[in-house]
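Here is a briefing for a reader new to this structure. Please look through the sequence and the model first.

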Amino acid sequence: MNRNNIPETEVLIIGTGPAGAASAALLSGYGVNNIVINKWSWTARTPRAHITNQRTMEILRDLGLEEEAKNLATPNDLMGENPFCTSLAGQELGRVNTWGTHPLRRADYELASPSMICDLPQNLLEPLLLRSAGPRRSSIRFNTEYLNHVQDQNGVTVTLLDRLNGQTYDVRAKYLIGADGANSKVVEDLGLPLEGKMGISGSMNIVFEADLSEYVAHRPSVLYWIVQPGSNVGGLGIAVIRMVRPWYKWLVVYGYEVEDGPPELTEETATHIVHSLIGNRNIPVKIESTSTWTVNDVHAKQLSRGRVFCMGDAVHRHPPLNGLGSNASIQDAFNLCWKLAHVLDGKAHPDMLESYNEERAPVAAQVVKRANKSLDDLPPIYAALGFFDEQDPGEIQKNIAELCESTPAAAERRQALRDALDNTHYVYNAHGVEMNQRYDSRAVATDGTAEPHYLRDAELYHQASSRPGANLPHAWLTENGHRVSTLDLCGRGKFTLLTGLGGEAWLDAARTVEKELGLEIRTHVIGFGRQYEDPYGDFARLSEISETGALVIRPDLFVGWRAQAVSDNATADLRAAMSRILGRENGDPLTDLHTRNRKADSIKDHWMSQT
Ligand code: FDA
């Protein structure tokens, strides 16, 4: 409370979706007091997002939540048969191995990260993040609605509504995070420039329970695509039965004509749709919930103004194809939260926060573009079956039956279908889109090298790089013979310097620079006889520096700076790089810092003791 009896906090977060809940967990871990609110009485009730990609799993790993997440999730090896069929009981038209499960792709995924892509429903992910946040530094308030905000030089005054008693009250925060989803009021109030169109097509979700083992257990997948008359209406243009829990809980995504507005979905209609997609009306089905949503194609060109930062669907709104939404939202949070913590701690200049825009706005544009482009990758499947030419169900059945014939026309149709299915790798195996994010901003100290050329399709394939602005490449090292990832040596809110034998001068440099700048730089020498060894030689190769060089890794596991080899000016070089990343190039004192005199806190100590 301040003198006016207004509750105060360091960061107020609007929304407990993936973006808001991840922000709360991360800020709490960094020792930053925060309040996180949700206008409803609980987190997401329906599964919605589920594909949880490797970068997000790395963030959960950083938070110490990866094992719990894996326990809640369906593992990768049950995710990828991905059949296309006329109904679950009907003709199978083909399969595409997805989410890195094809043997030819599995190696790419395993090499890229210590964490594997998995299927974690959003209604389980959000509580997991909040459970981590609550006991630390987050105050979590449900039934609390954001109404508006006013910001000034020193903070933001936010007006909230207590939906239980109808009373409004103010909260004063140093910073405000708008993680309030696709209809963001914070974005609207802030007047952020949005590009694109909302509501380009209509989709409905039907969550239901049914034991479908007999149709699916032999071809395990998270998605079963149903191509049958009527299923190409609106929405994604194809009906999907999505696994929520193997093999008894499901979510159907079905389209509606957006011009007609959302349909009234009775239990009877929902059951009818579900039964047609299963292809067996005798299967007992229990409808749990129905809802409608629209496919959007919108991104914000700027994600923040002053002390207010927006993230997640608030600033990138797109179809669920590629499964990028929740992932990008959590990655937004990972980008922003360490920066807020460093600024609040007086370790970075507030101007450095502008790098959030510089780094994440291009990602917002990219994910929206990719997911919408993926909408165009599905209709060729219909075209190959003659759906668009001939809507008469009898003709469609005939076209599908023709696939079994040994005529030249049938061979042509089969080839067209195969080509159309293969093209969907951009929807399901876009590993590069998930993993190749590169930052070019004031919080990256360039080493003057050019961005390396992509050796393979940059959307489909991950390409590791240690160039400043890229993610720290993952390599397995050993500690006492046990495997640890390079990522495990870094993160958890701190900067890290990695070097090899002969690079010990960097350790002295780090000790000097951390004293000067007032922050800890964790250091590791990787090599023979050291705590961390490189027995496979992968770090030596992937680090792209000589043994005596150095990588400076930001708390979000991105490379902040690198040096090819040790120099006589190691301290000056490191000082310059760290000052650049922290926005302190113009020297101290940092007049506009919001230093907090934070007391030693046990939570932070707990985290740091894992190092
Ligand atoms: P989200 O909308 O989740 O959360 C917003 C929060 O703000 C909520 O807690 C809400 O109550 C709160 N709020 C809103 N207004 C408020 C106010 N005025 N005051 C207080 N609180 C307020 N993504 C993915 O990565 N992988 C996937 O596989 C899929 N699959 C998928 C399937 C389907 C069918 C859908 C519809 C969507 C997906 N997604 C997805 C997308 C994913 O669901 C979406 O991108 C994330 O939920 C976005 O998270 P946010 O936290 O940004 O917003």
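The notes below cover the ligand site, then the sheets and helices, then some backbone details.

This is a predicted model: local features need pLDDT of at least 70, side-chain atom pairs count only at pLDDT 80 or more, and totals for chains, interfaces and linings use all residues. Residues are numbered from 1 along each chain as its sequence is written, and side-chain values use heavy atoms, with hydrogens and water left out.

**The ligand site**

- The ligand is surrounded by 32 residues.
- The closest residues are N38, Q122, Y146, D313 and S326.
- By class, this shell holds 12 nonpolar, 15 polar and five charged residues. Here Ala, Val, Leu, Ile, Met, Phe, Trp, Tyr, Cys and Pro count as nonpolar, Asp, Glu, Lys and Arg as charged, and the others, Gly among them, as polar.
- α1 (18-29), β8 (144-151) and α9 (325-344) each give the shell at least two residues. The largest share, four residues, comes from α9. Helices (H or I, at least four residues) and strands (E, at least two) are DSSP runs, numbered from the N terminus.
- N38 places a polar side-chain atom 2.6 Å from an oxygen atom of the ligand. A polar contact is a pair of N or O atoms within 3.5 Å; within protein, one must be able to donate a hydrogen and the other to accept it, and residues adjacent in sequence count only if both atoms are side-chain atoms.
- T16 uses a backbone N or O atom, which lies 3.1 Å from an oxygen atom of the ligand.
- Y146 also uses a backbone N or O atom, which lies 2.9 Å from a nitrogen atom of the ligand.
- The protein covers 90% of the 1,000 Å² of accessible area that the ligand has on its own. Accessible areas come from the Shrake-Rupley method with a 1.4 Å probe; for residues, only the protein chains shown count as cover.

**The eight-stranded sheet**

- Eight strands form an open sheet with mixed pairing, in the order β5-β4-β12-β13-β14-β11-β15-β18. Two strands pair if DSSP finds at least two bridges between them.
- β5 (92-95) and β18 (316-317) stand at the edges with a single partner strand each, so one side of each has no neighbour in the sheet.
- β15 (residues 286-300) and β18 run antiparallel and are joined by two bridges. H299 has H316 in β18 as its bridge partner.
- Helix α8 (residues 267-278) lies across β11 (194-209), β12 (223-226), β13 (239-245), β14 (249-256) and β15. The helix runs at about 85 degrees to β11. Contact means heavy atoms within 4.5 Å. Axes are lines fitted to C-alpha atoms, for helices over the stretch in contact, and angles run from 0 to 180 degrees between N-to-C directions.

**The four-stranded sheet**

- A second open sheet has four strands in the order β22-β21-β23-β24, again with mixed pairing.
- Its edge strands are β22 (521-526) and β24 (559-563), each pairing on one side only.
- Neighbouring strands of this sheet are turned by 15 degrees against each other on average, direction ignored.
- β21 (residues 495-500) pairs with β22 in the parallel sense over six bridges. G500 stands opposite I526 in β22.
- Helix α16 (residues 505-517) lies across β21, β22, β23 (550-553) and β24, at about 175 degrees to β22.

- β19 (residues 476-479) and β20 (residues 482-485) run antiparallel, joined by four bridges.
- W476 has S485 as its bridge partner in β20, and L477 has V484.

**Backbone details**

- The peptide bond from P246 to W247 is cis, with omega near -10 degrees. W247 sits in the loop between β13 and β14.
- R48 is a residue other than glycine with a positive phi, near 40 degrees. R48 lies in the loop between β2 (34-37) and β3 (51-52).

Methods
Near = heavy atom within 4 Å.
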